[in-house]
Amino acid sequence: MSGGDMAKPLLGHGSMEGDSSITPAAGRTIGVLGSGDFARSLAIRLVCSGFKVVVGSRNPKRKAGLFPSAAEVTFQAEAVKRTDVIFVAVFREHYSTLCDLADVLVGKILVDVSNNTEINHHKESNAEYLASLFPACTVVKGFNVVSAWTLQSGARDGNKQVLICSNSQEAKRTIAEIAQVMGFTPVDMGCMASAREIENIPLRLLPAWKIPIFLALGLFLCFFTYNLIRQVIHPYIREQKNKLYKIPIEVVNTTLPCVSYVMLSLVYLPGVLAACSQLYYGTKYRRFPDWLDQWLQHRKQIGLLSFFCAALHAVYSLCLPMRRSHRYQLIEMAVKQVVEKKMNIWVEEEVWRMEIYISVGIIALGLLSLLAITSLPSIANSLNWREFSFVQSTLGFVALVISTLHTLTYGWSRAFDENQYKFYLPPTYTLTLLVPCTVILAKIIFCLPCIQQRLLRIRRGWEKGRYVKFVLPSATGEYASGETSSNV
Ligand code: NAP
C-alpha cells in the first residue's frame, strides 16, 4: 500500500483502550503549566473527569478568574511541586523560560501538547526539544491532536483519539489512563521518534482529498471550457449574439452534472480494472500498480465529490426559472405564438421526456445521498460488511445506471440532430457517456456465468497454474482429498 491516508493510519499502532494493566486515575492531582485557551479547556475537562487540577501561571492572580473554581491557580513552581504529571500548555518558543523550574521538575512526567505552524517546522520535534531541556523528566507527547474546543465540548462531540508517544512505557500508560478517564481513546504511537509525525497530523490539510479535488477541478475546467465554446462562443462567432449572461448559471449548470456523472463512473472504473487484472493474471495475490492502488483508495472521496456536484446541479436547476433571462424568453415565446396565432403548443414527446428526465434525476440524487451518508464513519461502522457492500457496490452501481438514464433522457434524439454539433463538437452529454457506459458494459460482462465463476474463484484464493490441495465430499458423505492443477 502506498501514500494516501492509509500510509499513515491513525490506528496504525496499538489502541490502548481497555488495557487491563491501567490503574484507576481519577482523583489524582494533575498540573497544567500555562493559562491560555488550551490550559483552560484542559483544566475544565480534567475537573469534569474527577481530577484535582493545579494550574501554574506566571500571573496567577490575574488568571484565576478564567478557570473553574475547583481548579487551583498558583505560581508555576508551586503548581509543579504539587503533582507528578504536568501538562505543558505553553508554546515551544517559551519552553526555555521554564528552565528555572528544572530542579522542581526532576523525575516528573511532562506532557507536551504543543503544535507547530508548519509541517516539519523544526529539526527536532517539540517534545524532543522539551526532553532535551529537561533531561531529568520523562516527556510524553500527546493531546495535541485535540483542540481546546474538543476538550471543552467533551470527547463525544469531537475527535476521540488521543495519540501518545514516549520512550517510557510507564509514563505513556499513566497518560493513556488519564486520557481514558477524560473520555478519549488513547492510541499508542510508540517511542518519542513518532512525536514529529504526531505533531504533523493537525497540520495536514485534507491529505486524502488532494487527488480527488484536483480530479474534480480538472474535469470541471475541461467541461466548462467545452460548454463555454458551445453555448457562448459559438453563438457569438456564428450569429453575433452576446450570450455571456449564460456563464454564471447555464454553463455552470451544464458542467456540474457532467463532472458528477463522470466522477461517479470513476468510482467504479478502478474496480473494473482491478477485476480485469485479476482475470488476466489469474490471481488476486498480484499487487496492483501504484496508480490503481491509489485510485482504489480514493473512491470514497471521488464519490462524495460526485454527490456534491449532483447536489449543486439540483439546486442550480431549481433556480433556473428564477432568472430574469428565463422570464424574458418565456414572454418572448408567448408573444411569438400569439403573433403566429399558434393555439396548441403541447408536444407530447417533449412532455414525456421532461417528466422521465426529472424523475430519474431525483432518484439518482436520492441514491447518491444514500451512498454519501453511508460512507460517513459513524454510519458505516453501524453496518455489517454485507450491508455496506450492498449499499456502496450494488446501490452505487444502480445509481450509475439511473444517472445514465437521466443523461440519455436529457439527450433524447438530440445526438442525431446536426444543429447540435457546434463547431463540429458533439453535445457534452454524449462525451460524458463514454466512461460510464464502459463501466456498465464491463459490469454486465462480469455477470456472465463463465467470467463471474472464474472471478469468484480467484477472489477465494484460486490461482492460475498453481497446484492446490482439494477436498471434495464423496457420495458416502466422507471427504476425499488429493492434488490437482487449479487451472484445469
Ligand atoms: P495561549 O492561549 O497563547 O496560551 C499560552 C500560555 O503560555 C499563556 O497563557 C501563558 O500563561 C503561558 N506562558 C508561559 N510562559 C510564557 C511566555 N514566556 N510567554 C508567553 N506565554 C507564556 O496558547 P494556547 O492556545 O493555550 O496553546 C498552548 C499550547 O497548546 C501550544 O503549544 C499549542 O500548540 C497547544 N495546543 C493548542 C490547541 C488549541 O486549540 N488552542 C490545540 C492543541 C495544542 P501564563 O501567562 O499564565 O504563564
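Colleague: Which residues touch the most other members of the largest nonpolar core?
Modeller: Leu219, Met263 and Leu400, in a core of 47 residues. Keep in mind that this is a predicted model.

Colleague: What makes a set of residues a nonpolar core?
Modeller: Its members must be buried residues of the kinds Ala, Val, Leu, Ile, Met, Phe, Trp, Tyr and Cys, joined through side-chain atoms within 4.5 Å. The largest such set here has 47 residues.

Colleague: Which elements give two or more residues to this core?
Modeller: Helices H9 (210-239), H10, H12 (299-319), H14 (348-374), H16 (385-411), H18 (434-446) and H19 (449-459). H10 gives the most, with 16 residues. Another core, of 32 residues, lies apart from it; among its members are Val32, Ala43, Phe67 and Ala171.

Colleague: What is Leu400 in contact with, leaving aside its neighbours within four places in sequence?
Modeller: Tyr261, Leu264, Ser265, Pro436, Val439 and Ile440. The cut-off for a contact is heavy atoms within 4.5 Å.

Colleague: Why is Ala275 called buried?
Modeller: Its relative accessible area is 1%. Buried means under 20%. Ala275 is therefore buried. Its place is in helix H10, residues 247-281.

Colleague: What is Ala275 in contact with, beyond its neighbours within four places in sequence?
Modeller: Phe446, Leu455 and Arg459. Take Phe446: it is 171 residues from Ala275 in sequence, yet the two C-alpha atoms are 8.6 Å apart in space.

Colleague: How many of the contacts in the protein join residues at least 24 apart?
Modeller: 72%, counted among contacts between residues at least 6 apart in sequence.

Colleague: Where does the UniProt annotation "transmembrane region" fall?
Modeller: The unreviewed entry places it at residues 211-229, 261-281, 302-323, 356-376, 388-409 and 429-451.

Colleague: What makes up the span 388-409 in the model, helix or strand?
Modeller: The span is 100% helix and 0% strand, with its end C-alpha atoms 30 Å apart. For residues 356-376, the values are 90% helix and 0% strand, and the end C-alpha atoms lie 31 Å apart.

Methods:
Residues numbered from 1 in each chain as written. Predicted model: local features only at pLDDT ≥ 70, side-chain atom pairs only at ≥ 80, totals over all residues. Heavy atoms only, no water. UniProt positions renumbered as here; feature names shortened; annotations may be inferred. Helix = DSSP H or I, 4+ residues; strand = E, 2+ residues; numbered from the N terminus. Buried < 20%, exposed > 50% of the residue type's maximum accessible area, 1.4 Å probe, protein only.
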